[in-house]
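Please read it alongside the sequence and the structure shown below.

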Amino acid sequence: MGRVCVTIGMPACKSGSTSGWTCGVVTADKVTESVNDNGELLDVYGFHFSAFLLSGDSGGAIVSGHYSIGVDSYGNMSSCDDAADDDAVAGGFAIVDGKYNAEAMFKHGFNLSINVGQPKFAKLAAGQISGMVDAAAGAKITVTVDGKSYVAIVGNAGAWTVRLPKALAPGSHKVTAVASLQAKGSDFTTTGAAASRKFTL
């Protein structure tokens, strides 16, 4: 997942632990908010957007398409109905804009990650294992067949295929697949849940 500067009117969706996944558009950019950082007031660069945001959502990711644009920070809503009010505010700290942005503030304590789903099998054949996964293009699928591991790269539609160098012999086999992705701008890898299946050729 890449990072991009914020502009008014761009779509903005956020994930929050209280209100979940909601979407809107950026309504104001280049907003400066003063926050208390261990007793020191810092002017943090941010933006406003029209998604529904509640107390407890702070720290969640804000994205626009495939791009990370910010981190949930503040708002004045108490219910979903408030999001339609003219004075409703949902604010986020920008990731890369300005001197005091989320990346600069949190430094090594802040990392970007992305949802990586559990793979689903579509074809289990002697020479090929394939399937789908809810993950961004470029994610890695590690497929283990009877103890031997192989790697596939996820395509644009979530499809992946591993072509085995040697066809499997007739009989019973066990396959496991797990997806992982290291987002751009992050120094750790997000790994999804593993999927396993026994099959017979």
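F121 and W160 are both buried, and in this predicted model the two residues also form an aromatic pair of the edge-to-face kind, with 6.2 Å from centre to centre and 75 degrees between the planes. The pair links distant parts of the chain, since F121 belongs to strand β8 (residues 120–124) and W160 to strand β12 (residues 159–163), 39 residues apart.

**Aromatic pairs**
- The count of aromatic pairs comes to 2, and one of them is made by F47 and F49, whose rings are tilted at 50 degrees between the planes and lie 5.8 Å apart, centre to centre.
- F47 and F49 are both buried.

**A glycine contact across the chain**
- G117 is found in the loop between α1 (102–106) and β8, and this glycine counts as buried because its relative accessible area is 13%, where the cut-off for buried is under 20%.
- Although G117 and G192 are 75 residues apart along the chain, their C-alpha atoms are separated by 5.3 Å.

**A charged surface patch**
- D81, D85, D86 and D87 together form a negative surface patch.
- Within this group, D85 sits in the loop that runs between β6 (67–75) and β7 (90–94).
- With a relative accessible area of 39%, D85 is classed as partly exposed, because that class covers values between the 20% limit for buried and the 50% limit for exposed.

How values were computed
Residues are numbered from 1 along each chain as its sequence is written. This is a predicted model: local features need pLDDT of at least 70, side-chain atom pairs count only at pLDDT 80 or more; totals for chains, interfaces and linings use all residues. Side-chain values use heavy atoms; hydrogens and water are left out. Patches are made of residues with over 30% relative accessible area and no salt bridge: like charges are joined within 9 Å, nonpolar side chains (Val, Leu, Ile, Met, Phe, Trp, Tyr) within 5 Å. Accessible areas come from the Shrake-Rupley method with a 1.4 Å probe; for residues, only the protein chains shown count as cover. A salt bridge is a side-chain nitrogen of Lys or Arg within 4 Å of a carboxyl oxygen of Asp or Glu. Lys and Arg count as positive and Asp and Glu as negative; His and the chain ends are not counted. The place of a charge is taken as NZ of Lys, CZ of Arg, CG of Asp or CD of Glu. Helices (H or I, at least four residues) and strands (E, at least two) are DSSP runs, numbered from the N terminus. Buried means under 20% relative accessible area, exposed over 50%, partly exposed in between (1.4 Å probe, protein chains only). Rings of Phe, Tyr and Trp (its six-membered ring) pair if their centres lie within 6.5 Å; planes under 30 degrees apart count as stacked, over 60 as edge-to-face and the rest as tilted.
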